[in-house]
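Open the model in your viewer and keep the sequence beside it. Each stop below says what to select and what is there.

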Amino acid sequence: MNELNREMADILEVDSVSDTDQLDSFENWDSLSILTLLSYIDSHYNIQLFGNDIKDATTLSDIKEIIDAKKQ
């Protein structure tokens, strides 16, 4: 899921994002970036997530785990 890391970096307007970075430490982690991420996940992975699905996610790794769980 390295493409998700690249997409998150684009969404957050930073050079790179690692799986363990705290999402709320990024200045651009806000409701718009969350909606953009949810749209990307829907179009790229064909998985529809909602804000409630990721509300407790604190890292990109958490989001990847949610995606993996929804794939099954």
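Select Asn46, which follows helix 2 and has a positive phi, near 55 degrees. Bear in mind throughout that this is a predicted model.

Now step back into helix 2 itself, residues 31-45. Its 15 residues should span 21 Å at 1.5 Å a residue, and its end C-alpha atoms are 21 Å apart, which agrees. Go to the start of the helix and show Asp30: one of its side-chain oxygens comes to within 3.2 Å of the backbone nitrogen of Leu32.

Next, colour Ser33, Leu37, Leu38, Tyr40, Ile41 and Tyr45, the residues that are buried in helix 2. They lie on the same side of helix 2, because the arc they cover around the axis is only 160 degrees. An α-helix has 3.6 residues a turn, so residues three or four places apart point the same way. Turn to the face directed away from the buried side, and you find the exposed residues Ser31, Leu32, Leu35 and Ser43.

Apart from neighbours within four places in sequence, Leu37 is in contact with Leu4, Met8, Ile11, Trp29, Ile54 and Ile63. Leu37 also belongs to the largest nonpolar core, which has 22 residues. With Met8, Trp29, Ile41, Leu49, Ile63 and Ile67, Leu37 is one of those that touch the most other members. Helix 1, helix 2 and helix 4 are the elements that each give two or more residues to this core.

Move to helix 1 and select Leu4, Asn5, Met8, Ala9, Ile11 and Leu12, which are buried there. These residues line one face of helix 1, since they fall within an arc of 160 degrees seen down its axis. Their cover includes helix 2 and helix 4. On the face turned away from them, helix 1 carries the exposed residues Asn2, Arg6 and Asp10.

Stay in helix 1 and centre on Asn5. Is Asn5 buried or exposed? With a relative accessible area of 12%, Asn5 falls under the 20% limit and is therefore buried. Its side chain makes a polar contact of 3.2 Å with the side chain of Asp19. Leaving out residues up to four places away in sequence, Asn5 touches Val17, Ser18, Asp19, Leu60 and Lys64.

Notes: Residues numbered from 1 in each chain as written. Predicted model: local features only at pLDDT ≥ 70, side-chain atom pairs only at ≥ 80, totals over all residues. Heavy atoms only, no water. Helix = DSSP H or I, 4+ residues; strand = E, 2+ residues; numbered from the N terminus. Expected span 1.5 Å × (residues − 1). Buried < 20%, exposed > 50% of the residue type's maximum accessible area, 1.4 Å probe, protein only. Arc of directions from axis to C-beta. Polar contact = N/O pair within 3.5 Å; in protein donor to acceptor, adjacent residues only side chain to side chain. Core = buried A, V, L, I, M, F, W, Y, C linked by side-chain atoms within 4.5 Å. Contact = heavy atoms within 4.5 Å.
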